[in-house]
Amino acid sequence: MSTLPVTDDKSTAIASIRLMASGELADLAAVYTADVVNREARNEPPDTRGTGPAALYATARWLRTAFSDLAWEIHDAARDGDLVVVHATMSGRQTGPFVSYEPDGSIGAVFPPRGRRFAVTQTHWFRMRDGRVAEHWANRDDLGMGRQLGWTPPSPAYLVRMLLARRRARRAAAAASPATTS
């Protein structure tokens, strides 16, 4: 995907959401400031918790790992000063494990894929600076998404699948981490 031409703050905010589904790092760099902060990164992988377009690109990769056919339908956008709010519906199909993280960066829960589709409403808030997104936070219907994907209420068999998936994810994370010596 090439860098998108952006004409105003609302268009930039909308473009930043859509780039989560298919944009590359260079595309995100065109709509985010060099020091952009994503307030939603606290339950995301550690590489999403920094600042700048690379951290937001890590969020995009994390979402794309779990969800295929990822898309946002934009319903409304409003601007007030340096704030832009976008009301949208996020949709997709879970085809990979969805991994949530603890504040310390450790793996919290892993939701194995069930192949189900979902569509949930969200509002995304953006603080704009010099025509780019400098800060992002959101209100999401995570419970609604969990219900549609069959995460909640979990069946006993799905709980076992979750535990096994978490064990695999923790082992993979430990194998990928450099060994530490005391």
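This is a predicted model: local features need pLDDT of at least 70, side-chain atom pairs count only at pLDDT 80 or more; totals for chains, interfaces and linings use all residues.
Two strands pair if DSSP finds at least two bridges between them. Strands (E, at least two residues) and helices (H or I, at least four) are DSSP runs, numbered from the N terminus. Residues are numbered from 1 along each chain as its sequence is written, and side-chain values use heavy atoms, leaving out hydrogens and water.

**The hairpin**
- Strand E4 (residues 98-101) pairs with E5 in the antiparallel sense over 4 bridges, and Val99 stands opposite Val110 in E5.
- Between E4 and E5 lie 5 residues, and Gly105 in this turn has a positive phi of about 90 degrees.
- In strand E5 (residues 107-111), 5 of 5 residues are buried (under 20% relative accessible area, 1.4 Å probe, protein chains only).

**The pockets**
- A pocket is an open set of points on a 1 Å grid over the protein atoms alone, where a 1.4 Å probe fits, with protein on both sides within 12 Å along at least five of seven lines; lining residues have an atom within 4 Å of a point.
- Of its 32 lining residues, Glu44, Trp62, Leu63, Arg140 and Asp142 are the closest to the centre of the largest pocket.
- The second largest pocket holds about 210 Å³ of space.
- Among its 14 lining residues, those closest to the centre include Val99 and Tyr101.
- H3, E4, E5 and helix H5 (156-176) each give two or more residues to the lining of the second largest pocket.

Notes
Buried means under 20% relative accessible area, exposed over 50%, partly exposed in between (1.4 Å probe, protein chains only). Grid points are joined across faces, edges and corners, and a volume is the space filled by probe spheres set on the points.
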